[in-house]
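Okay, thanks everyone, let's get going.

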Amino acid sequence: MQNSNNNSYLGVTPPISVLESNAREKEVTVTLMEELRRQNTFESEEEAKTREIVLGRVAALVKKFVKKVSMDRGLSESAANAAGGKIFTFGSYRLGVHAPGSDIDTLCVVPKHVSREDFFDVFEPMLKEMEGATDVSGVPEAFVPIIKAEISGIPLDFLMARLALSSVPDNLSLKDDNLLRSLDERCVRSLNGSRVIDEILRLVPNVQVFRDALRCIKLWAQRRAIYSNVNGFLGGVAWALLVARICQLYPNAIAGAIVSRFFIIMYQWSWPQPVLLKQIEEGPLQVRVWNPKLYPADRAHRMPIITPAYPAMCSTHNVTQSTQMIITEEFKRGAEIVDRVIVGTAEWSELFAKHDFFHKYRYYLQVIASTANQDLQTKWAGTVESRLRQLVMKLEYVDSLILAHPFIKGFDQVSYCLSDDEIRAVAQGEISDVVASRKKEDIEGKEGASPVYSTTFYIGLAIEPKPAGAVGPRKLDISYPTMEFTKLVKMWDKFDESTMGIIVRHIRSSGLPDNVFDPGERPAKTVQKRVKGAGKSSNTSPDMPNKRQRLVIAFFDVKLRLIEMPCLPSFLSSSQSTSDLPLKLTENGSTGNTPSLPPVAETLTPKDSKAPQLPFGENVAVATGAVTAQ
């Protein structure tokens, strides 16, 4: 196999090793695949066949859509039939690593006389009329305009790209860069989703090994809560690019060996050196290609992982200082576990253990977006989530904060309220057991009653331990980042203060709601409450730390000052809304019985502390030597 530079290897550097995997690596690969099956990462044959049938029906519908629009534009029936239309899959389905129930990313390629308006005005209604289609919903204003649908139980995400061609034949390939000529940016972005996946599959030495290793890394990243592009971690394409690069460096290795090297090399990678599958190429368009020498914004990327299709882009521009630290620690954890798997002292299941985000920190920020309408809530919560990274970046400048750790998803809730007081409390994150247990029918026909749709996002705050000899609580003033964040989300062009609410507030770990935990996962503090209540006097309540706890809690003594409720919509009865003034909250050691929380200093290991190493004779410098953008 050869790369674009006519070398005898794939990639921008020679391989680290061309040796085949040893007997032990082959054994652990067998057990890895067994564990991945136990973890239900493979779909059934029946579901696979259903997907193929659905895609066949969708392909026929796209041709029907193009023909209809062509006829409406005045083309003859023969010309309308010849106009064609074709679908291309991308994402996890095209990569061959999709899980049961996952969606199919589908690109609809149409000729030049079919517009984006037609996609939403004509194709979307056609989808809704399709047999077995449910939950069809278009989002034309998205960064990449999209239609979401479910057909025969298979979820699909549809994108559209209009080529500067009068017809789209069945044998069309998207590899030719010249297809991008005369296209708008949205079409280029849509096309590149498919073009990038095709390039990845072309640039790996063994597609099946790549798929097996990627399936493992994808599951690991999801379980460890670091699989989310929008929140500053890595998305599916970035993880695929990293695994592909390791495959290039070990062209004859099998999946178990690739996974082992993946963690070690990625932990030691010399960021911000970019990860490239091939040299960056120029092309026919007047568009920006990733180049840190030319563009200051590209130079600011902390973990650049570059897409191989023209125009080359950074798939990880959202990574922040905090998320990079978290990802790096997870690489180290993964390397240590896989090393023990190989020597026989650990099982693969340990690698996929659930994250500890809601057990890890003493303090969290809650960001709550709320409305009284389900469709509006989807858009409002999505807007707030897309800007959370900006809050994280501002928090990183706060003294005494080591990092701000965003969780990868929000928690949706519908609360059925009977009064303004209940509505206001819910929008501020205070949901009583009575409201939580109420159903839709309980409020129907009752005056003043309303549902409140809320989505709550969490950011864990890692705070520096108190310096030796320091007296009294330290001050952590985060009013500026929270004020700036709320201003930012309210700058959304569709923001309406009368219908949308946003709150940023601090919460202790002991006050986290039940819905962030799996059944039985709630920390043991609830057990301690029962024990204390059974046999001790009332002055040992959970909010009164004892002396033994105070030795640990002293690391976390802090004064938090932030905006508690900067924006309540008018449907929450504005006459009683919370003040816009900053609210001071003091935490002077009374942080409740949160058990087994190590000082933050222990959770962030220095990078040179027992760094995982490659096997003897393998040199990571081969892969991490200077690579420059051409």
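This is a predicted model: local features need pLDDT of at least 70, side-chain atom pairs count only at pLDDT 80 or more; totals for chains, interfaces and linings use all residues.

Residues are numbered from 1 along each chain as its sequence is written, and side-chain values use heavy atoms, with hydrogens and water left out.

So, the UniProt record, an unreviewed entry, puts a "binding site" annotation on Asp103 and Asp105; positions are in the numbering used here, feature names are shortened, and annotations may be inferred rather than shown by experiment. Asp103 sits in the loop between helix H4 (91–95) and strand S2 (104–110), while Asp105 is in S2 itself. Helices (H or I, at least four residues) and strands (E, at least two) are DSSP runs, numbered from the N terminus.

Buried or exposed, what about Asp105? Buried, at 17% relative accessible area, whereas Asp103 is partly exposed at 26%. Cut-offs: buried is under 20%, exposed over 50%, partly exposed in between, with a 1.4 Å probe and protein chains only.

Contacts mean heavy atoms within 4.5 Å. Leaving out neighbours within four places in sequence, Asp103 touches Arg51, Ser92, Pro155, Leu156 and Asp157. Asp105, on that basis, has contacts including Phe88, Ser92 and Asp157.

Now the backbone. Trp271 to Pro272 is a cis peptide bond, omega near 10°, and Tyr310 to Pro311 is cis too, omega about -5°. Asp135, in strand S3, has a positive phi near 50° and is exposed at 63%.
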